[in-house]
Amino acid sequence: MNNEATIRLSIFVGVFALMALWEVLAPKRVQGFSKPIRFANNIGLMALNTVVLRLVFPLGAGGVALYCQLHGIGVFNIIKAPVLLEFLLGLALLDLVIYFQHVAFHKFPLLWRLHQVHHADPEFDVSTSGRFHVFEILLSMVIKIAAIAIIGPSALAVLAFEIVLNACAMFNHSNVRISPKIDAILRGFIVTPDMHRVHHSQIVPEQNSNFGFNIPWWDRLFKTYMAQPELGHEGMKIGLDEVQTTRDLWIDKLLWRVFK
């Protein structure tokens, strides 16, 4: 856990660079907005969120999990099970919590006010993966801490989950071309870019589908799965209809948007 920040940052930079390169070599959609402006402001927002999160929650999710382990807090710290089973169940349950959290952020107007910053991006690429309002990031951490305290996953499971969540988010938000046959296979065990892109449609029923970030099974289980967008991936409109100007891409506009 002493090297948590270094490990996470190294993997983040590596995956981000890989997906950004893939987007250049094999893009799915032609983008109409300035990529340098979008990348600069989206990455700037990610950096701000990271700093604020570390200041408000210096222990991080992994530190909370370690504290719960040491003090016997949470189901897995009270009822012992095989280590591998606890690890896998911990990952799956945390992912389920994130799924329901995502659904809630769409369902309740106050939460949607925060989450719309993510959906207001008029393009869909790897930089969109970290474009969240700082208030949503803080609230998400509170929810995650509560889940850790209830479930009691190991600190290793939490660290692994955080790394997988970030990596999968960058993958499934990427503007990359994957053949339909390969995409169909991948959807059996991971959320793909074509699957998640539907969720960023301006069409509300499509926007209220495909909530998963890591595991694709929750959407099928809870009937929120939609295979393809009505207008096709190249023809669909991304983002929010009322947010379609270059000025709306800047970080000050993103932060202020929740107060409108």
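Where is the place of tryptophan 218? I will come to that after a few words on the model.

This is a predicted model, in which local features need pLDDT of at least 70 and side-chain atom pairs count only at pLDDT 80 or more, while totals for chains, interfaces and linings use all residues. Residues are numbered from 1 along each chain as its sequence is written, and side-chain values use heavy atoms, with hydrogens and water left out.

Back to the opening question. Tryptophan 218 sits in helix H12. Helices here are DSSP runs of H or I with at least four residues, strands are runs of E with at least two, and both are numbered from the N terminus. Tryptophan 218 is buried, with a relative accessible area of 13%. Buried means under 20% relative accessible area, exposed means over 50%, and partly exposed is in between, using a 1.4 Å probe and protein chains only. Leaving out residues up to four places away in sequence, tryptophan 218 touches Ala92, Asp95, Leu96, Tyr99 and Thr224. A contact means heavy atoms within 4.5 Å.

Now the whole chain. The protein chain has 14 helices and zero strands. The radius of gyration is 18 Å, close to the 18 Å that the globule rule gives for 260 residues, so the chain is as compact as a globular protein of that length. That radius is taken over C-alpha atoms, and the rule is 2.2 Å times the number of residues to the power 0.38. Along its principal axes, the C-alpha trace spans about 50 × 40 × 35 Å.

Of the 260 residues, 49% are buried. Among contacts with a separation of 6 or more, 75% are between residues 24 or more positions apart. The chain exposes about 12,400 Å², and carbon and sulfur atoms supply 74% of that area. The areas come from the Shrake-Rupley method with a 1.4 Å probe, and for residues only the protein chains shown count as cover.

As for charge, the mean positions of the 22 positive and 19 negative charges are 1 Å apart. Lys and Arg count as positive and Asp and Glu as negative, with His and the chain ends not counted. Each charge is placed at NZ of Lys, CZ of Arg, CG of Asp or CD of Glu.

Next, some individual helices. Helix H2 covers residues 35-56, and at 1.5 Å a residue its 22 residues should span 32 Å; the end C-alpha atoms are 31 Å apart, which agrees. The expected span is 1.5 Å times one less than the number of residues. Which residues of H2 are buried? They are Arg38, Phe39, Asn41, Asn42, Leu45, Met46, Asn49 and Val52. Their cover includes helix H1 (4-25), helix H6 (109-119), helix H7 (134-151) and helix H14 (251-256).

From H1, take phenylalanine 16. Phenylalanine 16 counts as buried at 12% relative accessibility. Beyond residues up to four places away in sequence, phenylalanine 16 touches Phe39, Ile43, Met46, Val126, Ser127 and Met170.

In H6, the buried residues are Leu114, His115, Gln116, Val117, His118 and His119. The buried residues of H6 pack against H2, helix H5 (83-107), H7, H11 and H14.

Helix H8, residues 155-172, has 18 residues that should span 26 Å at 1.5 Å a residue; its end C-alpha atoms are 25 Å apart, which agrees. H8 is mostly covered, with 13 of its 18 residues buried.

Last, the loops. Asparagine 210 is in the loop between helix H11 (204-207) and helix H12 (217-221). Although not a glycine, asparagine 210 has a positive phi of about 50°. Asparagine 210 is buried, with a relative accessible area of 1%. Lysine 223 is in the loop between H12 and helix H13 (232-235). Lysine 223 is not a glycine either, and has a positive phi of about 60°. Is lysine 223 buried or exposed? At 74% relative accessibility, lysine 223 counts as exposed.

Serine 179 is in the loop between H8 and helix H9 (180-186). At 33% relative accessibility, serine 179 counts as partly exposed. Serine 179 and tyrosine 225 are 46 residues apart in sequence, and their C-alpha atoms are 20 Å apart.
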